[in-house]
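I opened this notebook page to look up how side chains pair up across the chain, starting with charged contacts and then turning to aromatic rings.

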Amino acid sequence: MLEGIEFNRKVEAAVFDDRSSAWVLTSSNGDVLTARFCVMATGCLSAPNWPPIDGYEDFGGEILHTALWPHDGFDFTGKRVAVIGTGSSGIQSIPQIAKQADHLSVLQRTANYSVPAQNRPLDDAYVARAKADYPAMRARQKATASGIDGRFNTESAMSVSERERNAEFERRWQEGGILFTAAFGDLMTDHAANDAAVAFVHDKIRGTVKNQNVANALCPNNIIGGKRLCVDIGYFETFNRPNVELVDIRKTPIKHINSSGILVGDQQVGVDVIVVATGFDAMTGALMRIDIRGKNGASLRELWSTAPSSYLGIAMSGFPNLFTVTGPGSPSVLTNMIPSIEHGVEWIADCIEHMRTHNHTEIEADQDAQHAWWNHVQEVGMSGLKSKTDSWYLGANIQGKPRVFLPYNGGLPAYREKCESIAAIGYAGFFLR
């Protein structure tokens with residue numbers, strides 16, 4: 001144990017004591033901790049999602065989840081491997097597994113967009129320039145909607161010729177990274193602009209993957225940017241390897257896992273290792289796995305069973321002195337997480353200091369203010385093209401999860417300004433006692 005830090009403590013319950021205005025936390029080993037404030041920094045993507053497939057316990061080989069990877073790594077040499085899922089986790093791991101595995105079966109339900117990372121060695125001069133620019137870079141990050149320092153073209157994609165448009169897409173492709181969708185200012189608001197980007201990426205996939213049947217199956221049939229854009233190192237090239245096959249589980253779904261592999265329709269996919277790459281129960285999953293109870297024993301799980309709600313993604317009505325870092329209703333996963341997390345932590349720390357200075361013992365979000373903010377989050381979230389695609393932004397990857405737009409899509413600067421203005425006028429929308 002380091003001073004102020006306890007490792008290997010899984011919190012199972014957090015209960016607000018109305019009499020003492022304190023939180024009582026209980027860990028899985030029975031340890032109890034009491035504190036005036038409880039800050040949930042549980043992460044937006046930290047609760048692994050296991051798809052509901054029968055037969056996990058019947059498999060005779062090893063099952064790995066990309067979110068629970070062995071600390072010492074895993075050697076796939078000479079093994080038959082199946083990867084379930086082709087989201088970001090699958091797209092990043094599949095090329096590396098294919099280099100070792102004797103045979104790799106990629107079980108794809110939904111094709112996803114991915115752009116090359118274009119990773120490269122960094123020379124000393126580049127590193128020195130970047131480090132010298134850190135303060136200015138951090139300031140620029142905070143001024144962009146996504147919290148990313150880069151080139152954001154505000155021009156309309158359809159205001160230039162097809163040749164100019166594709167030239168800009170090509171420049172972004174060669175630069176690498178998720179700012180591909182910053183090539184033009186209206187890719188996430190105009191269908192025609194988005195269609196142009198889709199056509200470009202489809203051409204790249206078909207020009208990379210030699211088997212055109214496989215290439216076509218790898219071309220997503222929805223908008224680009226509706227789901228979080230993936231970044232890869234040789235993902236599409238991997239399907240040119242003789243030891244890699246693509247299995248379409250949308251056309252022929254998985255029936256179950258058995259002792260020797262996975263039954264897909266009537267086809268047995270025999271494997272030694274199954275890698276589950278199905279991501280996370282995003283935004284709310286980690287919070288819902290803790291029994292959080294507020295005033296009068298109110299259960300957060302029960303309150304959020306129909307739809308989550310928060311004030312600023314920071315606090316919830318009925319749960320005094322409970323804060324969430326990048327919670328649902330904050331920009332979080334639609335931004336660079338580092339400046340977003342920093343902003344949340346600094347706002348919460350300043351709020352606690354304000355309470356101590358003014359001798360307050362409780363702070364609680366007002367229900368009306370929370371309702372108004374959450375309605376605003378939904379309005380902004382549904383206004384662009386992101387809402388047109390089933391994604392984990394809307395909870396669509398989890399069976400039975402309420403469909404609401406979870407992150408705030410109004411941009412980091414607008415959110416920061418809102419939070420700062422609320423604090424500046426004495427924490428409007430909160431009850432201070």
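The entries below go through the charged pairs, then the ring pairs.

Entry 1, salt bridges. I kept in mind that this is a predicted model, and I began with a search of the whole structure, which finds 20 salt bridges. I looked up R80 and D272, whose side chains meet in a salt bridge at 3.1 Å from N to O. R80 sits in strand 6 (residues 80-84), while D272 is in the loop between strand 13 (267-270) and strand 14 (273-276), so that the two are 192 residues apart and the pair links distant parts of the chain. I noted that R80 is partly exposed at a relative accessible area of 34%, and that D272 is also partly exposed, at 29%.

Is E364 buried or exposed? I have E364 down as buried, because its relative accessibility is 6% and buried means under 20%, whereas K295 is partly exposed at 28%.

E362 lies in the loop between helix 9 (337-357) and strand 17, and R433 lies in the segment after strand 18 (430-432), 71 residues apart. E362 is buried with a relative accessible area of 10%, and R433 is partly exposed at 39%. I also wrote down a network in which salt bridges that share partners join R151, E168, R171, R172 and E175.

My search of the whole structure finds 22 aromatic pairs. The rings of F37 and F323 have centres 6.4 Å apart and planes at 35°, so I list the pair as tilted. F37 is in the loop between strand 3 (32-35) and strand 4 (38-40), F323 is in strand 16 (residues 322-324), and 286 residues separate them. Both count as buried, F37 at 16% relative accessibility and F323 at 1%.

Because W373 lies in helix 10 (residues 367-383) and Y408 in the loop between helix 10 and helix 11 (412-424), the pair ties together parts 35 residues apart in sequence. W373 is buried at 6% relative accessibility, and Y408 is buried at 6%. Last, I noted a cluster in which ring pairs link F169, W173, F180, F184 and F200.

Notes: Residues are numbered from 1 along each chain as its sequence is written. This is a predicted model: local features need pLDDT of at least 70, side-chain atom pairs count only at pLDDT 80 or more; totals for chains, interfaces and linings use all residues. Side-chain values use heavy atoms; hydrogens and water are left out. A salt bridge is a side-chain nitrogen of Lys or Arg within 4 Å of a carboxyl oxygen of Asp or Glu. Helices (H or I, at least four residues) and strands (E, at least two) are DSSP runs, numbered from the N terminus. Buried means under 20% relative accessible area, exposed over 50%, partly exposed in between (1.4 Å probe, protein chains only). Rings of Phe, Tyr and Trp (its six-membered ring) pair if their centres lie within 6.5 Å; planes under 30 degrees apart count as stacked, over 60 as edge-to-face and the rest as tilted.
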